[in-house]
Amino acid sequence: MTVKIASIGLKGLEGYLVQVEIQISHGTESMVIVGLPDTSVKESKERVLSAIRTLGCDTTEQKIIVNLSPSEQKKNGPLFDLAMAIGVLKERGYIKEEIPHDAAFIGALSLDGTVAKVEGMLPAVIAAKGLGIKLVFLPYDPLIPIDLLEGIEYMVVHHINDVIQCISGKGQVSLPLQEVNPPLEDTISTYECHKDFSHIIGHEQAKQALEIAAAGGHNVLMSGPPGCGKSLLAETFPSILPSLTKSAQLEVISLYQLAQEKLPTSSIAPYRHPHHSASSIAIIGGGSYPKPGEISLAHHGVLFLDEMAEFTKKSLDMLRQPLETGKVTISRAHSTVTYPASFILIGAMNPCPCGYLGSNTQYCTCTPKQIQAYRNRVSGPVYDRIDILLTLKSVNLDQPFNRRETSLEIRQRVEKAREREYARYQAEICNAKVPYEQLTRSSPLTESQQKMITQVSSKQQWSNRVQIKIIRLARTISDLAGESNITDESIWKAITLRRNSLQKSELKAREN
């Protein structure tokens, strides 16, 4: 007779159902695991046998064969320890009751039978719900937001004996509900005390552009001399983003667990700012068993690339696919995985190698050839994927005090614009990410508006992608203004935001 126990395997962030099949026969005492297990899975036999011996289960002169189905899928990690142990106990008759077919077992085992948490438990639990599992046995993990998980029953166990007691109905293990994260309101107010738009002097046009970027999920590239406020604006940008929805929080927490990174707050959009010396693997993700990189850890949040021109060209060009599709596929010899990577890119760079091109305070010492070579470090295809190009100037700190808008006031307008977008598309998707066909179907342009965009694009030599980004920007600007249709004013404003104010004529003037 063969016993089948359900568990969950992981391929990146995606989970799949694993049937742990146990068959025991008389023979030399051994335990063989088949079904493409990796080293950590093969080592499970020692943990499983030691754990079941603590319950008095005798495996002397017993040959145990464990098959992990589907056999063609590579298995990794100790997720299946608990399922293997329960299967052996059932096959040996230590568990008399039938094990529900819609129950899954997740967790690693210690030698004394304690059930321990493992990497990737949250994505495994989320996948179990989608695979039709009704009950999950798992160890307690304070990082799993139990209060966000709905539609599935959880049984938290501390020892393998707890599982047996639950199955037999002799005991009930309480589910520890713990408030892992602080309340959302407290988190936001604490954040605003450190970074708030009301603390930034000047840069009114840049603040307005960032508000548009937050409302529509648009990418921004800021250029300006050193110390003009590029990094400060980028670091304050998350304070005007709406709080994450429950589904978004679960995705973000799952990615951070897989990467073994600490998430500061699950309810606020993540903010990642890798150093320009970071490798392409650190930014994109990778490894023998691919882990999420910076772009995936910025999912539903912000990826800030300070000194963008100092990043390697290879690393920047690898952003092209994620910026377009919102996900990244990493192929390695052992496996190919896909991670979500839908983020807002905020880039900051100097206008030239010395940093003072266009400055009112210092003279630029760079030649036109040096300036062009510096800008070419960011390739044309990457520029094409930027929605808003901002040129910043240094501001005087002795300006008369005028009341400046707080991040809370700006965020309220952003949230209203997002609500209009979600209602229009019947999904939680922004103007920058919605399919172009759906955008034009819900917000068609007039003939004069289309002609306006075509004329300006022809003069500026913009690609079709940039023209589409103009329409997306105009739709966001209209949403912030409360307009149901795209207005002519919003198109002109979108064109202005996409123009690079450092024109080629300025370089030609330097040549003369």
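Is tyrosine 271 buried, partly exposed or exposed? Tyrosine 271 is partly exposed, because its relative accessibility is 21%. The scale behind that word runs like this: buried is under 20% relative accessible area, exposed is over 50%, and partly exposed is in between, with a 1.4 Å probe and protein chains only.

Before going on, a word about what you're looking at. This is a predicted model, where local features need pLDDT of at least 70 and side-chain atom pairs count only at pLDDT 80 or more, while totals for chains, interfaces and linings use all residues. Residues are numbered from 1 along each chain as its sequence is written, and side-chain values use heavy atoms, with hydrogens and water left out.

Let's start with the whole chain. It has 21 helices and 18 strands; these are DSSP runs numbered from the N terminus, with helices being H or I of at least four residues and strands being E of at least two. The C-alpha trace spans about 90 × 50 × 45 Å along its principal axes. Of the 512 residues, 51% count as buried. Take the contacts (heavy atoms within 4.5 Å) between residues at least 6 apart in sequence: 73% of them join residues at least 24 apart.

Now for the rings. The structure holds 2 aromatic pairs. Rings of Phe, Tyr and Trp (its six-membered ring) pair if their centres lie within 6.5 Å; planes under 30 degrees apart are stacked, over 60 edge-to-face, and the rest tilted. Phenylalanine 105 and phenylalanine 137 have ring centres 4.8 Å apart and planes at 5 degrees, so this pair is stacked. The pair links distant parts of the chain, since phenylalanine 105 sits in strand S5 (residues 103-105) and phenylalanine 137 in strand S8 (residues 135-138), 32 residues apart. Both of these phenylalanines are buried.

Tyrosine 271 belongs to the other stacked pair, with phenylalanine 304: 6.4 Å centre to centre, and 20 degrees between the planes. Here, too, distant parts of the chain are linked, with tyrosine 271 in strand S11 (residues 271-272) and phenylalanine 304 in strand S14 (residues 302-306), 33 residues apart. Phenylalanine 304 is buried, because its relative accessible area is 3%.

Serine 69 and proline 70 are joined by a cis peptide bond, with omega about 10 degrees. You'll find proline 70 in the loop between strand S4 (62-69) and helix H3 (81-91). Histidine 203 isn't a glycine, yet it has a positive phi of about 55 degrees. Its place is the loop between helix H6 (184-194) and helix H7 (204-216), and histidine 203 counts as buried because its relative accessibility is 11%.

Glutamine 426 also has a positive phi, near 55 degrees, without being a glycine. This residue is in the loop between helix H16 (407-425) and helix H17 (436-442). Why is glutamine 426 called exposed? Because its relative accessible area is 70%.

Glutamine 467 is buried, because its relative accessible area is 17%. Leaving aside residues up to four places away in sequence, glutamine 467 touches Ile453, Ser457 and Trp462.
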